[in-house]
Amino acid sequence: MKIMCVAGARPNYMKIKPVLDALRERGAPTILVHTGQHYDALMSDVFFTELDLPAPDHFLGVGSGSHAAQTARLLTAFEPLVDKERPDAVVVVGDVNSTVACALVAAKAGCLVAHVEAGLRSRDWSMPEEVNRVVTDRLSDYLFAPSPDAVANLVAEGYRPDQVHLAGNVMVDTLLANLDRARTGDTLTRLGLVPGGYGVVTLHRPANVDDPVVLGGLLTALGEVARDCPLVFPVHPRTRATMEALGAPPGVRLVPPAGYLDFLALQADARLVLTDSGGVQEETTVLGVPCLTLRDNTERPITVTEGTNQLVGRDPGRVIAAAHQVLATPPPARRPALWDGQAGRRIAAVLTMGGVAAGRPRPT
Ligand code: UD1
Ligand code: UDP
């Protein structure tokens with residue numbers, strides 16, 4: 001039994017790490033593939049170093065491009081590797097282009113496909129990630145869901161119960177493993193911040209950052225929020241050019257993309273986080289830090305129903321009002337069940353005990 005684990009973009013590394021570790025703990029032969037969808041040192045190398053991820057066995061170097069160009073490069077680079085290595089199973093995580101492309105190659109090559117973070121649905125088909133989620137799930141033999149809502153989505157879509165596993169949240173495994181280390185580092189002093197004295201912003205969704213009018217409106221709102229709570233904004237490469245053209249309002253400090261430990265430290269001691277990231281909605285819930293999501297929908301509703309997250313859209317007036325409200329009255333938080341640091345182990349147990357090793361039937 002040989003299991004190939006795939007990562008390609010920033011939100012993948014912290015998700016693959018606990019699965020890879022748990023598979024190795026069980027003695028399963030593993031191969032780590034980095035597709036190279038993200039490649040800047042601050043979008044890739046820093047996570048391998050800080051998370052103590054082994055150097056990838058294979059680096060595909062696909063880089064950036066339109067959806068079609070990037071996906072095509074992923075397909076043509078991954079297929080010969082799968083043909084050469086002939087893994088029994090391929091594990092993909094999350095919802096990026098690397099996820100869906102590698103799942104497609106693996107399924108057609110006759111490998112078992114395992115999707116970690118299955119069943120999340122924003123029901124917003126204009127999001128490229130929603131297309132990737134739905135298609136990856138359809139290609140997968142093993143659907144590892146992070147929360148009961150995700151299980152319910154999969155059941156409603158007709159997946160067989162024996163394919164669907166409520167595994168918990170692998171991103172939380174990595175957060176819990178690194179929180180103490182992040183908090184005892186020098187992130188805040190280096191940035192001249194004090195605990196509870198600042199807020200954090202991240203924005204990279206095409207719907208928020210590609211149109212300068214939309215991004216400009218959000219920056220106006222952030223400038224207003226910063227009058228009460230100064231903001232630190234690690235800028236995603238996708239957002240960089242538009243942001244540089246628009247300039248930041250007073251009180252909003254732009255910094256390069258943060259490394260994992262710095263970003264965890266920043267989130268942990270923030271008064272407020274404003275974001276359109278998927279993972280940050282989950283991390284703030286676990287950290288109990290108020291989160292305003294600048295989107296109209298979320299594929300992670302449990303962060304709203306049980307966590308600290310609130311959907312506020314992108315209307316500047318609504319963002320400002322919501323920020324004032326949560327700064328005055330921070331919401332209570334409950335950590336969702338199975339967001340407990342053991343998700344990677346549950347996944348590895350399924351794959352190595354009752355799963356790949358036992359030659360499960362493929363879905364019909
Ligand atoms: C991708 C994912 C998105 C995820 C995000 C996490 C898809 C369709 N999108 O979005 O779901 O939330 O990653 O961060 O897979 N760039 C660099 N350096 C890099 C990487 C990207 O400069 O290392 C720039 C390039 O100009 C590139 C642009 O960012 O064209 C977008 O990169 P891409 O990987 O296509 O999508 P993201 O917006 O990063
Ligand atoms: N993150 C980081 N540095 C940053 C912004 C985010 O390390 O400057 C981490 C964050 O803690 C989380 C992951 O990146 O673990 C989320 O990735 P991202 O927001 O890029 O993608 P998404 O979750 O929206 O797909």
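Modeller: Let's start with a term: a residue is near a molecule or strand if its C-beta atom, placed from the backbone, lies within 6 Å of it. Keep in mind that this is a predicted model, where local features need pLDDT of at least 70, side-chain atom pairs count only at pLDDT 80 or more, and totals for chains, interfaces and linings use all residues. Residues are numbered from 1 along each chain as its sequence is written, while chains are lettered from A and ligands numbered from 1 in the order in which they are written.

Now for the ligand. There are 15 residues around ligand 2, and the nearest are Pro11, Pro234, Phe263, Ser277 and Gly279. Two or more residues of this shell come from each of helix 1 (10-25), helix 12 (260-268) and helix 13 (278-287). Helices (H or I, at least four residues) and strands (E, at least two) are DSSP runs, numbered from the N terminus. Helix 13 is the top contributor, with four residues. By type, the shell has nine nonpolar, four polar and two charged residues. Here Ala, Val, Leu, Ile, Met, Phe, Trp, Tyr, Cys and Pro count as nonpolar, Asp, Glu, Lys and Arg as charged, and the others, Gly among them, as polar.

Where does that put ligand 2? Domain 1 (3-169 + 339-358) and domain 2 (177-328) both give residues to its shell, so ligand 2 lies between them. The domain bounds come from an automatic or database domain assignment.

Let's step back to those two domains. Taken over C-alpha atoms, the centres of domain 1 and domain 2 are 26 Å apart. Their contact takes 20 residues from domain 1 and 17 residues from domain 2; two residues are in contact if their C-beta atoms, placed from the backbone, lie within 7 Å. On the domain 1 side, helix 1 and helix 2 (45-50) each supply at least two residues.

Strands count as paired if DSSP finds at least two bridges between them. Strand 6 (residues 142-145) pairs with strand 7 over three bridges, and Ala145 sits opposite Leu166 in strand 7.
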